[in-house]
Structure formats: C-alpha cells, structure tokens
Amino acid sequence: MSNNYNSVGKDNVSVSPKSYSIDQAIITANNGHEVELKNVIHDIKIHEGLHRSGIVVEIFLVDTANLTNELKLSGNEKIHLIIARNEPKLGEQGFDLELYIADITNFSEPTPASKSYTLVCVSKHMYLNNKKLLDGAFQGTPRALVSQIVKTNLDSKLQVSASTKGIIKGIYPNIQPLQAISWLLRNSFDDNTQIYFYESAKFGLVLTSYASILNQNEVYGNYNRNPNPTETMYNSKEEKMFEEERLKIQKMASSLNVSKLNASSKGTFGGVLNKLDISTKTRSDKTVQYDTPKIRLNTFAPINDKMTIDGQKITDFKKFKQHWITYNANAFDNHQNYHNPTQDEALLRSRMSINNLDTTVVDLNLTGDFNLAPGLIISLAILKQADVSEELSNKEGADGEIFDNYVSGAYLVSSITHHFGKEGYNINAKVKKDSFIEEQIRGK
C-alpha cells in the first residue's frame, strides 16, 4: 500500500517534496456508515486544468475486505480525502477535498483474496450540475451571471479575478448550469483575452482571464535542469535541500508547435469577422490585422516583419480565417443581447491570444508541490546542450549566454496531474508560452 512516502528529518519535517501522507480517506456509504480507506489505497491521481470545470480524482484500491459488497457501493458515495505533509518553509501543506464517486473502473481480482478497482471521483458541483436546467431570463455582466450560477445552482464558492464589461440580456436555452457558464463565457472577453473557468485542488473554483493572470506579474517559481544538486551535495539546511529538489525539472518534452502554417490557418495572425444581423437582414465584414499583443509572457512576439513566405509577410496572411456570427440588433431597446460582445474585434483578438499561447507547449515532470496550480506563471531556465559541467563552471558560454533562450522563459501552467504512489508525490504539468525572451531572428 502507498498511503505515505516518508522522507522526513527533525521534528517530522519533510526534506523531500516527494513526501506525502494520506491522513484521511473516509468513505460515507448511503446508509451513513463510514469506513477509512487509507490503508487500502495504492495510488491517487488528481487531474486539473484551465479547461476543466471540475477536478477528477482517481483512487486505486486493492480491497481485501470486500468493501464493494459490505458498503454496497452504488457509485455516488462521499469521500473526504486529506493528503498533507509538513514542509520546512511553509509548514503544513496539503489538499482537503470533499469528493463524490462518479464511476468505478478497472475492476479485477489480482488474487483469490483481493479485488482491485479505481474510484473515479468529482467535486460536489459536478453532481449538482445534473439537478436542474436553466431556462429563465438573465441580465447582467457575464462575471455577475457566472457568480450567481455558481452560488445558486452549484452551491459552491467562486474565486473571481476576471473583468467582463457590458451588461447583456437574454434567456437561458434550457441548459445545465456548467453548460450555461460555458455558453456565457464563449462570448466574453477581458482586454481582448480569453476567460477561464476551472477548478483546482488548491483554490477551488476560479473565474479569471489571461489578462488578469499576466497583470498580476508574479512568477511562482524558477525551474531548472541543473544536474549538480549543490544544496544537497554540501548538506545544506533542510529548507534549501527541499526547495532545490522542488524546482528541479526531472524530465521535459515538447512538440514546440512553432509552425506558422498551422498558426495562420487558425487565424493567429489575423482574420475576417463576418456579421449577419437577422433583424435587418444585412451583412457586414471587418478584417482584423495582427498586432503585437500589449501583454504577453515574455518580451518578443512569435513573429515579426522579417518572417516571410515567398517574399510576403506572414502577417499579411489575414483573410484565410473567416469568422461568422449572427445577432439581433433590435432584440432589446435599452440593453445589449447575448451576442453583442462578439461584434467588435474582441472575438478575433481573443482567438489570436488563444492560438498564440500554443506557440510553445512543454510537458514537465516535477516533484510534488501542493501549491502549484493551473493559472500560475512559472519560469524555465534551461541550459544549452553542450558540455554541461563546462557551461556551469563558466559564467558565460561561447556566445556570452549559458541558457537556451529558445525554450527558456516564462510559461503559463495549463494543466496538472498530481500523482501520489509508491514513487512518492510527483507532478506532470503542461505549460505554454506565447512569446520568447529574445528576437526570433538572428542578427547577421
């Protein structure tokens, strides 16, 4: 069983970020009977991301007590899960989650005396989403409307940092609360950037925007692939050893996604907005040209005027992607309807921002961190591929720089899987960036 991974020093303080302890995993059956599961848990995975409206938790059990029959598992039971550790700098850290079983998968009998299966669990609001359809009238800013849905229909708290301007009015088309939130936000923008509604194990439900994330201007951590663990090598204090291992990239991989062919076909560098007014039966169109975003993760945009195809600037490839919207200009006398926010450049600018964020996508394997979550900004400092020991021994490389500026820089954390198992607490994270720390044209 893997209900803990202990690497502790004085006063039971963790000296490795791989450490964890399952302090509680109580399942409440439908008859109210409670059973502690932590001694039969072998593996836990917590999935979260900017595009997930709820976390998904997979709990793998090896059951020697025939709990499926004793508890009469029906697939809706409540589980109170607490995973924690005592860190040298921050003290007690962890997750305290109220979960509900959504499915039971991978059922097998590895031995005549045991059963194994995975409990797939979700948060309460995912179940409440199936309780009621929304079909009434609405009026307000998208931010206010989403907050109201979360509080009233999903019985949950929402952390809000996005700004959505303009009051809209309409009628919910008989849809579930989470689908209504998605429906409202697909036409909502903050400073021409996308809105995110998601749940993380650390912060709960969050409503934010890419502009809001960048305006905070905070870097959560500076990660590296330094092969020489200096703090551990010289037996430094537990806090320094812990931090060094936490910020060490165990493995990284990327498909880079720098193709200008794919990017231009998605409308990354411009497009045409076609509008059809069903009330006046008229059509209008507007071409939107790529402009270097005012706010971005790093200094230099992924394209510039020197990038050409057959002598033509890539930024001139702006009329291939056609966007079509329909709206009713006469729906209300004094209010904007649901489609109104899409009628200016915000829709296309937002699509550009979304596609630009896929300029470089990197998958990272890291050691465990309860505070790392989607929506945070981290920095990668990747050494050049050379004689690493030589690079580290010199303050500067042959060209005055020891870091690979192509993949180094600030990234947005897009999704995370927290994995608690026999190898300890580890993280698989997907991070993205929309820009570079140096110009992508080498000088002569």
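Guide: Happy to! One term first: a residue is called buried under 20% relative accessible area, exposed over 50%, and partly exposed in between. Please keep in mind that this is a predicted model.

Visitor: Thanks. Is Asn-66 buried, exposed or partly exposed, then?

Guide: Asn-66 has 27% relative accessibility, so it counts as partly exposed. It is found in the loop between β5 (56-63) and α1 (67-70).

Visitor: What about the phi of Asn-66?

Guide: Asn-66 has a positive phi, about 55°, although it is not a glycine. Asn-174 also has a positive phi, of about 60°, and is not a glycine either.

Visitor: Where does Asn-174 lie?

Guide: Asn-174 lies in the loop between β11 (168-171) and α4. With 45% relative accessibility, Asn-174 counts as partly exposed.

Visitor: You mentioned α4. What angle do α3 and α4 pack at?

Guide: Helix α3 (residues 142-152) and helix α4 (residues 177-185) pack at about 170°, and their axes are 10 Å apart. Angles over 145 degrees count as roughly antiparallel, and α3 and α4 are therefore roughly antiparallel to each other.

Visitor: Which residues meet there?

Guide: From α3, Leu-145, Val-146, Ile-149 and Val-150 take part. They meet Pro-177, Ala-180, Ile-181, Leu-184 and Leu-185 in α4.

Visitor: Switching topic: where is Asp-277 placed?

Guide: Asp-277 is in strand β16, which covers residues 270-277.

Visitor: And how far away is the nearest side chain of opposite charge?

Guide: That side chain belongs to Lys-281, and it is 7.5 Å away. Asp-277 is buried yet has no salt bridge.

Visitor: What polar contact does the Asp-277 side chain make?

Guide: The side chains of Asp-277 and Thr-280 are joined by a polar contact of 3.1 Å.

Visitor: Leaving aside neighbours within four places in sequence, which residues is Asp-277 in contact with?

Guide: With those neighbours left aside, Asp-277 is in contact with Thr-282, Tyr-327, Asn-328 and Ala-329.

Visitor: Let's zoom out. How many helices and strands are there in the protein chain?

Guide: The protein chain has 10 helices and 25 strands. Its C-alpha trace spans about 70 × 65 × 35 Å along the principal axes.

Visitor: And what percentage of the residues is buried?

Guide: Of the 444 residues in the protein chain, 47% are buried.

Visitor: One last thing: among contacts between residues at least 6 apart in sequence, what percentage joins residues at least 24 apart?

Guide: For the protein chain, that figure is 70%.

Conventions: Residues numbered from 1 in each chain as written. Predicted model: local features only at pLDDT ≥ 70, side-chain atom pairs only at ≥ 80, totals over all residues. Heavy atoms only, no water. Helix = DSSP H or I, 4+ residues; strand = E, 2+ residues; numbered from the N terminus. Buried < 20%, exposed > 50% of the residue type's maximum accessible area, 1.4 Å probe, protein only. Lys, Arg positive; Asp, Glu negative; His and termini not counted. Salt bridge = Lys/Arg side-chain N within 4 Å of Asp/Glu carboxyl O. Polar contact = N/O pair within 3.5 Å; in protein donor to acceptor, adjacent residues only side chain to side chain. Contact = heavy atoms within 4.5 Å. Axes fitted to C-alpha atoms, helices over the stretch in contact; angles between N-to-C directions. Parallel < 35°, antiparallel > 145°, perpendicular 65-115°, else oblique.
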